[in-house]
Amino acid sequence: MQKSSRQYYFLLSGLFFFFFFTWSSSFSLISIWLGQTLGLKGMDTGIIFSAISIVALCLQPLYGFIQDKLGLRKNLLWVIGFLLLMSGPFYIFIYAPILKFNVIIGAAFGGLYVGATFFAGIGALESYIERVSRIAGFEYGRARMWGSLGWAAATFFAGFLFNIDPNINFALASISAVLFLIILCFIKVAKIDAMGQLEYGKTSQLKITDALGLLKLSQFWALVIFVVGVSMYNVYDQQFSVYFSHQFATQQEGNRMYGFLNSLQVFLEAGGMALAPFLVNRIGAKNSLILSGAIMTLRIIGSGLVEGPILISAMKLLHAVELPILLIAIFKFISTRFDHRLSATLYLVAFQFVSQVCASFLAPLAGYGYDRIGFADTYMIMGSITGVFMLIAAFLLKGDKQIKLVTSKGVVNESVAS
């Protein structure tokens, strides 16, 4: 790795670390906070998550196109950094009081802030760093690994700190955001932006019609069908902490053990981020996507079949295998089948946006299921739906050999045709 490439790697890895540290500190125990501190029920929590998803899905296409137009300029990242900085004051002085007053109004405020900051913001950050990694010449997964470590570092202490005072976690979130903004100051984009324009063309010339043209591509819709299936993992994770904490004698012990479990999962996930590129490059983007979906199906159904904290923990830890493969494969699929200049739009629309659309509908239904038939039976239904969509996607997604066959015959790939 060259000196300039190494500098970009460390700085961008730092952005990932502190973004995820802020996110984890303020959000990893959100279901427990809503239930135990504010006294909300499963259905109320589902409504809150649905509101977050709705705001995120509205902003993700906008974030994606804006970031593609900006290229490697940092304007949008500065906005996200400021929102991160406000996380502590928002949760302590705005969100909690409004939720106590009225759940619907609180859900609207929380959806606006959390959706814009984290659930839409992460897509913009990931697509930005993935683009730089392609231009600068380092593996995206190696940088993304530091995001997992940031999440793990925060969750390791989150359970302890929550039992003392949940507001401590919120304060740490804002402190972490300060470090995010400091690192952002040191990232110089002029040289790398010139390299990107030389390789991919000027992103400022993109038009909205270029983005809308994606809707005409068969592989775009095949990818959407895949993402509809894997969107279950977001819904599954939302209230898993509640299910897990009920496996222990006291809520305090459950909170503490969930902090350890979540931290272990994300440490393992970080290792997976470093190793996943080797697997994805070997078996191809399509096969990697289907493999991640199969693991996800096993994890969700397995959570409904097994009993006891040890086996349930084992099912949860499969996330550390599934997610690295999914994230590396989704970017690999996008970069080999579509216009590079639209990578942020593709990632935020075809992956993030579609995931949030599904979550906005499924979160309240999942909450209703948890309240009425229990977590285990609801997980069985969710996992079965994921499995069906994986089977459909396996037939629709084109493999790497099919893409190479088209280009070897001198035919321009439909995904980059003008």
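1. Val 357 belongs to helix H19, which covers residues 343-372, and in this predicted model the residue is partly exposed, with a relative accessible area of 23%. Although Val 357 and Ser 50 are 307 residues apart in sequence, their C-alpha atoms are 9.1 Å apart in space.

2. A wider view of the chain puts that pair in context. Of the contacts in the protein chain with a separation of 6 or more, 87% are accounted for by residues 24 or more positions apart. The secondary structure comes to 21 helices and 0 strands, and buried residues make up 60% of the 418 residues.

3. On overall dimensions, the radius of gyration of the protein chain is 21 Å, which agrees with the value near 22 Å that a compact globule of 418 residues would have. The C-alpha trace spans about 65 × 45 × 35 Å along its principal axes. The accessible surface of the chain comes to about 16900 Å², and 70% of this surface belongs to carbon and sulfur atoms.

4. Helix H6, made up of residues 103-119, deserves a careful look, because its 17 residues would reach 24 Å in a straight helix at 1.5 Å a residue, whereas its end C-alpha atoms are only 20 Å apart. At the start of H6, a side-chain oxygen of Asn 102 comes to within 3.0 Å of the backbone nitrogen of Ile 104.

5. H6 is also mostly covered, with 12 of its 17 residues buried. Among the buried residues are the glycines Gly 106, Gly 110, Gly 111 and Gly 115, together with Val 103, Ala 107 and Phe 119. Tyr 113 and Phe 118 are likewise on the buried list for H6, the former with a relative accessible area of 9% and the latter with 0%.

6. Which kinds of ring pairing can be pointed out? A search of the whole structure finds 42 aromatic pairs. One of them joins Trp 23 and Trp 151, whose ring centres are 5.6 Å apart and whose planes stand at 80 degrees, so the pair is edge-to-face. Because Trp 23 lies in helix H1 (residues 3-27) and Trp 151 in helix H8 (residues 140-164), this pair ties together parts that are 128 residues apart in sequence. Both Trp 23 and Trp 151 are buried. The rings of Tyr 113 and Phe 118 form another edge-to-face pair, with their centres 6.3 Å apart and their planes at 85 degrees.

7. Helix H2, which runs over residues 30-37, has buried residues at Ile 30, Ser 31, Ile 32, Trp 33 and Leu 34. After H2 comes Gly 39, and the phi of this glycine is positive, near 70 degrees.

8. Is Ser 335 buried or exposed, given its relative accessibility of 19%? The residue counts as buried, because the cut-off for that class is under 20% relative accessible area. Ser 335 has its place in helix H18, which extends over residues 319-337. If its neighbours within four places in sequence are left aside, Ser 335 is in contact with Arg 134 and His 340.

Conventions: Residues numbered from 1 in each chain as written. Heavy atoms only, no water. Helix = DSSP H or I, 4+ residues; strand = E, 2+ residues; numbered from the N terminus. Buried < 20%, exposed > 50% of the residue type's maximum accessible area, 1.4 Å probe, protein only. Contact = heavy atoms within 4.5 Å. Polar contact = N/O pair within 3.5 Å; in protein donor to acceptor, adjacent residues only side chain to side chain. Rg over C-alpha atoms; globule rule 2.2 N^0.38 Å. Areas by Shrake-Rupley, 256 points an atom, 1.4 Å probe, with all protein chains shown as cover. Phe/Tyr/Trp six-rings, centres within 6.5 Å; stacked < 30°, edge-to-face > 60°.
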